[in-house]
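Please keep the viewer open as you go through the points.

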Amino acid sequence: MLALQILIDGFAISALYALGATGFTLIFGVSGVLNLSHGAIMVLAAVAAWAAASLFQLDTYSGALIGVAVAVVAAFATYFAVVQPIQRSRRIPNEEKEIFVLTGTLLWGIMIQELIAYFFTNNAKTVLPIVEGVVDIAGIRTPRNEIFTAVVCCLVIALLWLLVNRTRTGKAVLAASMNPRGVTLLGLELGSIYIVVWAIYGILAGIAGVLLGMFLGVSSYSVGPLTASAFSIVVLGGLGSVSGSLIAAFVVGYLETITAYLISPAYRTIPALLLLVAVMYVRPQGLLGRR
Amino acid sequence: MSGFFKSRLFFISLAVVIIAATLPLYVSGYVLGLLTVAYYFGVFAMSWDLLFGFAGEVNFGPTFLIGVGAYTAGILNAQYGWSVYVCIVLGAFAAVIAGLVLALPALRVRGPYFGLTTLVAVLILQNFVVVFADLTGGEIGLTIPDVITIDAGANYWIALGFMTISALILYGLSQSPIGLVLQASGQDPVQAGALGFNIVKHKLAAFIVSAFFSGLSGALLVFYMGTASVGTVVDVSVGVNVIVAAVLGGRRTVLGAALGAIFLIVAGEFLRPTGELATFIVSAVALLVVLFFPGGFLGAALSHESR
């Protein structure tokens, strides 16, 4: 009974983690950017969906769409206002651009977080779910919303896989992550590939954020933990490896759920952190990462 | 030119320290309290700059070192009643051990991987503090019974003196041959190794020095504030502030990091009337500096000087 409960809850959480981390790892794989405003963009999407539904009386579908649209805008703003100026700056030496992008996106994330707190307070917000009610799965009462979350996550990830492996644009993105110089030599504009990647990232982060808002609720306090969990999932799976971060998301998701059910919710994040440290020592490039 | 500037920087710093030392004679205790915290914070930022600016190690977890020092000192005093000075010294040594633990992965992995390890170290320490609440005071924080002194002026002088001595040692170290080797091994470890320098030894030394000053400053801060809590010495956001302070002031300058830290704390206080927007404004200013003056305050000043 408990095992089934863990299986169901763990799956929903893991799928959500996977979706959140995929966009993050895609950006890193293609442009080498670790976007530390990730958590802030997810929360922004959820808060936008919440505001559309609660303050402007829109239906839940439009609310969710607005949330995703806001996340895409925020992703582009991150790229054009923070990441690109740093990458193009001549005053920052190349070997230090990484730390500047990290610092810049971190500050940007804090700014978004503070603005959310200022306009919408720090209170936790739960987005009205698109589907309501509960169903009975072999004796476990499961909210329909939880199933919906898991299904949407899996669908979006499958679509992303199709996009990357089966379309011309997707293949260009994949190629850029393997060898940016080679892609340029083939006559593709790296700049436009980056724009595509940031758009995909915005959509993924937006969907993940809105679903998170429906499933668990968000507040401006969730910004830091969300970024940290995406970061650790991505490193566990191997920076830049999408399949690696999917596996890692399920490992972390289930590890947390098992700990929360069997030991105590207070210790929830500890085993995953210890696993992460162990992996860093034994296999620093992560499960499926390439050096 | 460089020698001339060095002496000028020296005289400017000397003048600033002398003026700062006379502050208790004519400013209020409130301002002194603010600056006391800012000075300890300055030592955090300078220690971080030694690791990042010179050894090239992106340490996202300065609060791991600070927290270990602060909590070791706090716990020994609050739970076992050891005397303040013994606690401070032991806190600094505990931080050195923490620094060695942190240095182990640094010798194996680089860049973002090392950055993450340090971040995880902070999260584990944070969980440890919350889980072992009997020992550490948990999320509420640990109340420290003893203080060094209750006199605001004396506390201020202790902090100023500590920051000045730390700055002298850290800056001296960064300008010494050791600092040059560190800088070389941070920029190109293979080449530096090929030149015959023992990189492992130098990096370990940088970690030990950085950890020592972080821990010492953390322990002193705990005895000044009379409390040790996750929110003041461990939380990731505290570490972020340390990093922002160092980058704002100018990385690879050591002294700039202290300026950045003092600016951050004083600016945060001035913006208090704006309420919740204070953090937003400070972050926005910091982002603008990062984007348009990547050298930071001192970096910008230095480049004007050399023209």
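Two residues count as being in contact if their C-beta atoms, placed from the backbone, lie within 7 Å. By that criterion, A49(A) touches G63(A), A64(A), I66(A), G67(A), V127(A), V210(A) and G213(A), leaving out residues up to four places away in sequence. This is a predicted model, in which local features need pLDDT of at least 70 and side-chain atom pairs count only at pLDDT 80 or more, while totals for chains, interfaces and linings use all residues. Residues are numbered from 1 along each chain as its sequence is written, and chains are lettered from A and ligands numbered from 1 in the order in which they are written.

**Chain B as a whole**

- Chain B has 15 helices and 2 strands; helices (H or I, at least four residues) and strands (E, at least two) are DSSP runs, numbered from the N terminus.
- The radius of gyration of chain B is 19 Å, close to the 19 Å that the globule rule gives for 307 residues, so chain B is as compact as a globular protein of that length. This radius is taken over C-alpha atoms, and the rule is 2.2 Å times the number of residues to the power 0.38.
- Along the principal axes, the C-alpha atoms of chain B fill a box of roughly 50 × 45 × 35 Å.
- Of the 307 residues in chain B, 51% are buried. A residue is buried if 20 or more other C-beta atoms lie within 10 Å of its own, with C-beta atoms placed from the backbone.
- Among contacts in chain B with a separation of 6 or more, 77% join residues 24 or more positions apart.

**Where the chains meet**

- On the chain B side, 33 residues are in contact with 37 residues of chain A.
- Helix 4 (84-108), helix 5 (111-131), helix 12 (236-249) and helix 14 (278-292) of chain B each supply at least two residues of the side that touches chain A. Helix 5 of chain B gives the most, with 11 residues.

**The nonpolar core**

- The largest nonpolar core has 205 residues, and those with the most contacts inside it are L16(A), L44(A), A45(A), A46(A), A49(A), A45(B) and A261(B). Such a core is a set of buried Ala, Val, Leu, Ile, Met, Phe, Trp, Tyr and Cys residues joined through C-beta atoms within 7 Å.
- Helix 8 (residues 190-215) of chain A provides the largest share of this core, 16 residues.

**Features of chain A**

- Helix 4 (residues 97-120) of chain A has 18 of its 24 residues buried, so it is largely enclosed by the rest of the structure.
- Just after helix 4 of chain A, T121(A) takes a positive phi of about 60 degrees.
- Strand 1 (residues 134-137) and strand 2 (residues 140-143) of chain A pair in the antiparallel sense over 4 bridges; pairing requires that DSSP finds at least two bridges between the strands.
- V134(A) has P143(A), in strand 2 of chain A, as its bridge partner.
- The hairpin of these strands has 2 residues between them, and A138(A) there takes a positive phi near 45 degrees.

**Two residues of chain B**

- V254(B) lies in the loop between helix 12 and helix 13 (255-270) of chain B. Phi of V254(B) is near 60 degrees, a positive value in a residue other than glycine, and V254(B) is buried, with 28 other C-beta atoms within 10 Å.
- M225(B) lies in helix 10 (residues 199-225) of chain B and is buried, with 20 other C-beta atoms within 10 Å. The C-alpha atoms of M225(B) and T143(B) are separated by 9.4 Å, although these residues are 82 residues apart along the chain.

Conventions
Buried ≥ 20, exposed ≤ 12 C-beta atoms within 10 Å, placed from the backbone.
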